[in-house]
Amino acid sequence: MKLSRLALAIALTPGLALAQTSSREDALKLSDTLITANRDVQQRSESSAASSVFTRADIERLQPSSVLELLNRVPGVQMFSPGGRGATSSLYVRGTSSAQSLVLIDGQRINSASAGGSPLEHLNVEQIERVEVLRGSRSAVYGPDAIGGVIQIFTRRASGDGLQPRLRLGYGSRNTWERNLGLSGGNESTRFSLSASSDDTHGIDRTTHTQARPDSDHDAYRNNALSLNLSHRFNDNLEAGLSMLDQRGESEYDMGFDGAYPYADFQLTSYSGFLSARLSDAWQSRLELGHSENRSTERFDDTLVSSPFNTYRDSAAWLNTLNLDGGHSLILGADWHEETLHSNTTYTEQQRWNQGFLAQYTWQGEQFATELGLRHDKNEQFGSKKSFNTALTYHVTPDNDLILSYAEGFRVPTFNNLYYPADPIYGDGGNPNLKPEESRSYELQWRSQLAAGTRLEASLYRTDLKDAIAGWPAENIGRARINGFEAALQQNLFGWQAGVGISLIDPRDRDNGHTLPRRAKRTLNLDLDRTFGDFNIGATWQLTSRSYDDASNTSELPGHGLLNLRSSWQATDELNLALKVDNLLDKDYARAYYGVGYPSQYYPYANEGRTALVSVTWTPEL
């Protein structure tokens, strides 16, 4: 983005944005609140959505190396990036594809308009305050792309009054460096947070069976990030703020033939602003404005070798919350976004807009609670679409809830799906006759507060997909069906903080009976942590069953298990030392294959073996 454009956005933002003035910023610190489900602050226990929340305290305790590692803890979510840090990631929420789940940064969509996925592999965990994961369709709230679920990432916020500097340095295996510098602070009316980070690693050789000169080296990765958050409360009824995140760097990769060394350059940028107002005791209103950019380019050394694929997206939203008498509430809103694909590759269409109107009604009673939602979208290319969701909650006892829900979803094809030009030799370009995907989801949830510090959540669900987009050239396959069960248990026992997540899914193409590719049917995650005075220790054990790399189910990917250890020592009030070891047992595993030669022979992408990283965090008191 040009500096003049950025300056204009910052100048206009405070006058163009509205929300509830009660404390969305404060809610970001709490684990028992939820913002993403209805685009408004609510208690997690009052939301019908199956959700997982990671606060900044969770991130510091778990010490994840990446957002991918953090999300893999969520039951029903599978993430992987074959080839180690910086390799393109894949996201499967409840068995749906990367393009079928919506990813937001501070409310801004970051999905690629060309490929459909989101570059989660490039998000630096040091820039993150909070992650909310919704499992299940939320198209009635967000419109297109939210079939499998919604992931929202909030950037760093100030944690109190006064100035709070922080410095973190980490060094580990494969000459990996992690550096972060931040400053946050404020007072009762104004808060700010500024953070910068720079990470790099020598990486691993992702494709070990190729012999060409550039492919026999380790594939390094470099990532530089900057984030800024600023909010100001004018009075008890009016608040404004803005957020910015910029991530950019390069990732080395393998091409499979001799020549210059290949690189993939990336840039992910998000700008957002809001103005929130309490217009009466019962009416809160929020206006949001945003812009995001998702850029990617490939080159040999300094020579461009592929067309850039850059997604630019502008958005605006107006949301109104009416808290009525008798436990009734109503959310009314309208939103709009326009996405543009900038590329040297010739597409028939490179720009489109989508506008939507939504209404979400909820009622909280003593024995029952209900939710009804309806949204109308108008897409420039595909016309009008309505989405509906409903939920009924039965409070069996004060500590046990039973929730029955139904939700509809849809996704419009990407520009690659529709218009990617055919190769002059091999053909196989986009398919302009594609129809949008549609889904219907049914879910039964059980939530139980078993005892102090012990909580169980379980879901049984089914998702039916119509006109699912698959293959290349892309086609609308007749039907797909995903049946699943997932459960999460949080428990404090004998001083240990334990978290268990389990997922069982059966994702199938109903036309041929094949399992959808790269979805493991069974996953399990176990986290154990304990504090001994100033010392903290923890471990994570992850199990993943076998899957198939291809739609025909002829290429099997074996299952695997990973064990990670972590520890930290609060040496002084200002100094914290941490050590973690990932893949302690040095397991060799694969989540995808690559082809070599013609006709191709297929080999597994390499993943990182045992790695260790030691870090020091300094938070001086001023």
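Visitor: Where is the place of Thr346?

Guide: This is a predicted model. In it, Thr346 sits in the loop between strand S19 (328-342) and strand S20 (351-364).

Visitor: Why is Thr346 called exposed?

Guide: Its relative accessible area is 64%. Exposed means over 50%. Therefore Thr346 counts as exposed.

Visitor: Which residues is Thr346 in contact with, leaving aside its neighbours within four places in sequence?

Guide: Tyr419 and Pro421. Contact here means heavy atoms within 4.5 Å. Thr346 and Tyr420 are 7.6 Å apart, C-alpha to C-alpha, and 74 residues apart in sequence.

Visitor: What makes Leu392 partly exposed?

Guide: Its relative accessibility is 39%. Buried is under 20% and exposed is over 50%. The value falls in between, so Leu392 is partly exposed. Leu392 lies in strand S22.

Visitor: Which residues form a nonpolar patch on the surface?

Guide: Leu392 is one of them, and others include Phe368, Tyr394, Val396 and Trp446. Together the patch residues have about 890 Å² of accessible area. Strands S22 (383-397), S23 (400-411) and S24 (437-451) each give two or more residues. S22 gives the most, with three.

Visitor: How many residues has the largest nonpolar core?

Guide: It has 25. Leu71, Leu120 and Val131 have the most contacts inside it. Helix H4 gives the most to this core, with four residues.

Visitor: What does Leu71 touch, not counting residues up to four places away in sequence?

Guide: Val77, Met79, Leu120, Val131, Val133 and Ile151. Apart from this core lies another, of 11 residues, among them Leu102 and Val141.

Definitions and conventions: Residues numbered from 1 in each chain as written. Predicted model: local features only at pLDDT ≥ 70, side-chain atom pairs only at ≥ 80, totals over all residues. Heavy atoms only, no water. Patch = residues over 30% accessible without salt bridge, like charges linked within 9 Å, V, L, I, M, F, W, Y side chains within 5 Å. Areas by Shrake-Rupley, 256 points an atom, 1.4 Å probe, with all protein chains shown as cover. Salt bridge = Lys/Arg side-chain N within 4 Å of Asp/Glu carboxyl O. Buried < 20%, exposed > 50% of the residue type's maximum accessible area, 1.4 Å probe, protein only. Core = buried A, V, L, I, M, F, W, Y, C linked by side-chain atoms within 4.5 Å.
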